[in-house]
Structures are given as C-alpha cells and as structure tokens.
Amino acid sequence: MTTLIAFVSQKGGVGKSTLSRALAREAAANGLSVKIADLDTQQGTSVEWHRRRLDGGVEPTISVEAYRTAEQALAQADRYDLLIIDAPARASEGTRRIAEKADLVVQPTNPALDDLQPAVLVFHELVKAGIPKSRLVFAINHVLTEAEEGAARLYLQDAGYTVLDGYIPSKTSYRDAQNNGRAITETRYPALNTKADQLIQSLINRVDADG
Ligand SMILES: Nc1ncnc2c1ncn2[C@@H]1O[C@H](COP(=O)(O)OP(=O)(O)OP(=O)(O)O)[C@@H](O)[C@H]1O
Ligand SMILES: [Mg+2]
C-alpha cells in the first residue's frame, strides 16, 4: 500500500515545496521508495529542483514528476511506498479532492496571525467536507523567534488541530541548499539539518503511528 502525504495551503510561499522535498529526502534515506507529485504545474518548483539535484549529482536521487490532479498521480503510485503531493496554493476545490485521497494532509504556515487565521479556515473547510481532524496537521515554518513559534503553536492547538513537533527557522542557508538541489536537511550546517530533520521525523512518526 502506498502512503499518500499531501502538502497544501491557501497562502503561497509557506513551505509546501520545501517540506515536500525534505520529507522525500529523509524517507528515501530511510530506504523507502518515494515520489514527489508536483501538482503546481504552473510553477513546477519541485520539478525544477529535481533538475538541479540531478545536475549537481546529489544523492540519493529522488523521483519527481508533474501531474495535473491527485487522481493522475495516484494512478501511477503503486510502485512507491510513499507518494508526496506538492500542491498549488489557492486551490480550495483541488485541496479538498487531494485531502480526500491523502493519509495525512500537512499545512505549513508562517507564525504571524495574518497567516494563522486563513490557515485554520482551510482546515475548518476540510473538516466540514468530512475529512477527519486526525488526518490534518500543521507545520510551523519561517520562524524568527521561539516566542512567536510558541504563540503560533498555542493558537493552532486552541483551534483544535495537531501541530508537528519542531519547527523550521527562517534561514538563508535553507534557501541556498534548495538553490543547489538539496533539501533543508542537507545544508552545510549540521545544526540546521538537525533542526529541519526534527520536524520531518515527527511527520514520519505520525504516519507510522496511523498506518
Ligand atoms: N525556513 C525557511 N527559511 C528560508 N527560506 C525558506 C524557508 N522555507 C521556505 N523558504 C523559501 O521560501 C520560498 C517559498 O517556499 P516554498 O516554495 O517551499 O513555498 P510553497 O508553499 O511551495 O510556495 P507556493 O505556494 O508558491 O507553491 C522559497 O524560496 C523557499 O526557498
Ligand atoms: Mg510550491
């Protein structure tokens, strides 16, 4: 059985592609066969990253392919242990369809209230559409201080949702890594790699617990 994890959001630039790639990298390093389905065909962020990764000869290689819909991606997924959907922003209808198919829906968010409020609404809509809350989790990204991370975590938990342990600080080195076809767990700085990996491992643990 293929496990399907989807990264979704209403707001753009919150880290869907960043976390998709980090999860793929860590799952591949743990010996799983993994594929990223890049559903953002207009931007093709993960597809372009894959090209840079191949050019740079970065191991392990990770398979990335563009698809128009979750259904099309799933139709090809049986050869993989883990299918990761990197969804486009601002696609309510598409997000619902993806969520119906996914074992786990991860929504990255910035820690500012401007970002948290619409992020919570996205999950409320999915719950209204019948998606169990247990399949919805937040991931906090773009963090500048631990205080704002703590406040964001409380806000999301008060709204009734699970928040992955750990968070991703805002760092130029994470951008640099991705510019070079690497994941945020593959920067030149072991402490940053560990930080990113903590959040990714809490995601992997969650899937193991549910599956
Ligand atoms: N923690 C971070 N620190 C620094 N830069 C980050 C961090 N997370 C993401 N970025 C950068 O922010 C930008 C947006 O991230 P990403 O592409 O992962 O978001 P997205 O949700 O997939 O965006 P879109 O909605 O456009 O698909 C990228 O340039 C990425 O490198
Ligand atoms: Mg993206």
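So, the lining of the largest pocket: by class, nine of its residues are nonpolar, 15 are polar and eight are charged. Keep in mind that we are looking at a predicted model. The space inside this pocket comes to about 680 Å³. There are 32 residues lining the pocket, and those closest to its centre are G13, G15, S17, T18 and R21.

Which helices build that lining? Helix 1, helix 2 and helix 7 each put in at least two residues. If you want to find helix 2 on the screen, look at residues 45-56. Helix 7 is the top contributor to the pocket lining, giving five residues.

Now, what sits in the largest pocket? That would be ligand 1. Let me go through its surroundings. The shell around ligand 1 holds 19 residues, and the ones that come nearest are K16, S17, T18, N141 and P169. Sorted by class, this shell has five nonpolar residues, 10 polar ones and four charged ones. Two helices each supply at least two residues to the shell: helix 1, which spans 16-29, and helix 7, which spans 172-179.

Let's zoom in on some individual contacts with ligand 1. Start with G15, where a backbone N or O atom lies 2.9 Å from an oxygen atom of the ligand. Next comes K16, and here the side chain takes part: one of its polar atoms is 2.7 Å from an oxygen atom of ligand 1. Then there is P169, which brings a backbone N or O atom to 2.8 Å from a nitrogen atom of ligand 1. How much of ligand 1 does the protein bury? Taken alone, the ligand exposes 630 Å², and the protein buries 84% of that.

How many of 30 Å³ or more does a search of the whole structure find? One. The largest cavity has a volume of about 50 Å³. Its lining is made up of S9, Q10, K11, V14, Q107, P108, T109, N110, D115, P118 and A119. In terms of secondary structure, strand 5, at 104-109, and helix 5, at 113-128, each provide at least two of the lining residues. The class breakdown for this cavity is four nonpolar, five polar and two charged residues.

Where is P60? You'll find this proline in the loop between helix 2 and strand 3, the strand covering 63-66. Remember that helix 2 is also one of the helices supplying the lining of the largest pocket.

The second detail is R90. This residue has a positive phi, about 50 degrees, although it is not a glycine. R90 is in a loop as well, the one between strand 4, at 82-86, and helix 4, at 92-101.

Terms used:
Residues numbered from 1 in each chain as written. Chains lettered and ligands numbered in written order. Predicted model: local features only at pLDDT ≥ 70, side-chain atom pairs only at ≥ 80, totals over all residues. Heavy atoms only, no water. Near = heavy atom within 4 Å. Polar contact = N/O pair within 3.5 Å; in protein donor to acceptor, adjacent residues only side chain to side chain. Areas by Shrake-Rupley, 256 points an atom, 1.4 Å probe, with all protein chains shown as cover. 1 Å grid on protein atoms, 1.4 Å probe; cavity = no way out; pocket = protein on both sides within 12 Å on 5 of 7 lines; lining within 4 Å. Sits in = over half its atoms within 2 Å of the grid points. Helix = DSSP H or I, 4+ residues; strand = E, 2+ residues; numbered from the N terminus. Nonpolar A, V, L, I, M, F, W, Y, C, P; charged D, E, K, R; others polar. Points joined across faces, edges and corners; volume = space filled by probe spheres on them.
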